Amino acid sequence: MNPVNYLYLAALLFTIGAVGVLIRRNAIVVFMCIELMLNACNLALVAFSRMHGNLDGQIIAFFTMVVAAAEVVVGLAIIVSLFRSRHSASVDDASLMKL
């Protein structure tokens with residue numbers, strides 16, 4: 001399979017994630033769309049790495065996955081605290097947490 005096909009797939013996944021972030025109001029769905037965008041970037045990094053024949057893109061993608069795992073922990077903690085205080089996971093209610 002041609003690496004360009006992987007780039008097309010990465011662009012499609014990133015577009016789906018960006019549309020999900022812009023349209024949806026539920027914090028968990030927005031959070032999952034951000035993860036989808038990060039995975040699309042990782043796929044593009046690995047595809048470019050394969051096209052150029054070195055491992056630099058794969059190493060950067062690995063570190064991006066580590067950062068995404070840390071982001072999952074912090075993001076879910078914020079969503080849980082938002083849900084406990086407002087009984088809703090709506091992004092519109094997140095601005096009400098500023099006191």
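**Cysteines and overall fold of a predicted chain**

The count of disulfides comes to zero, where a disulfide is defined as a pair of cysteine sulfur atoms within 2.5 Å. In general, a disulfide is a covalent bond between the sulfur atoms of two cysteines. The model is predicted; local features need pLDDT of at least 70, side-chain atom pairs count only at pLDDT 80 or more, and totals for chains, interfaces and linings use all residues. Residues are numbered from 1 along each chain as its sequence is written, and side-chain values use heavy atoms, with hydrogens and water left out.

Burial was assigned from relative accessible area (buried, under 20%; exposed, over 50%; partly exposed, in between; 1.4 Å probe, protein chains only). Cys33 counts as buried, because its relative accessibility is 11%. Cys41 counts as partly exposed, because its value is 34%.

Val19 gives a further reference point for Cys33. The two residues are 14 positions apart in sequence. Their C-alpha atoms are 8.4 Å apart in space. Val19 lies in helix α1, residues 3–23. With a relative accessible area of 42%, Val19 is partly exposed.

The protein chain holds three helices and zero strands. Both element types are DSSP runs, numbered from the N terminus (helices, H or I, at least four residues; strands, E, at least two). The order along the sequence is α-α-α.

The radius of gyration of the protein chain is 16 Å, whereas a compact globule of 99 residues would have a value near 13 Å. This radius is taken over C-alpha atoms, and the globule rule is 2.2 Å times the number of residues to the power 0.38. The C-alpha trace spans about 50 × 25 × 20 Å along its principal axes. Of the 99 residues, 25% are buried. Among contacts (heavy atoms within 4.5 Å) with a separation of 6 or more, 51% join residues 24 or more positions apart.

The chain carries 6 positive and 5 negative side chains. Lys and Arg count as positive, Asp and Glu as negative; His and the chain ends are not counted. The centres of the two sets lie 7 Å apart, with charges placed at NZ of Lys, CZ of Arg, CG of Asp or CD of Glu.
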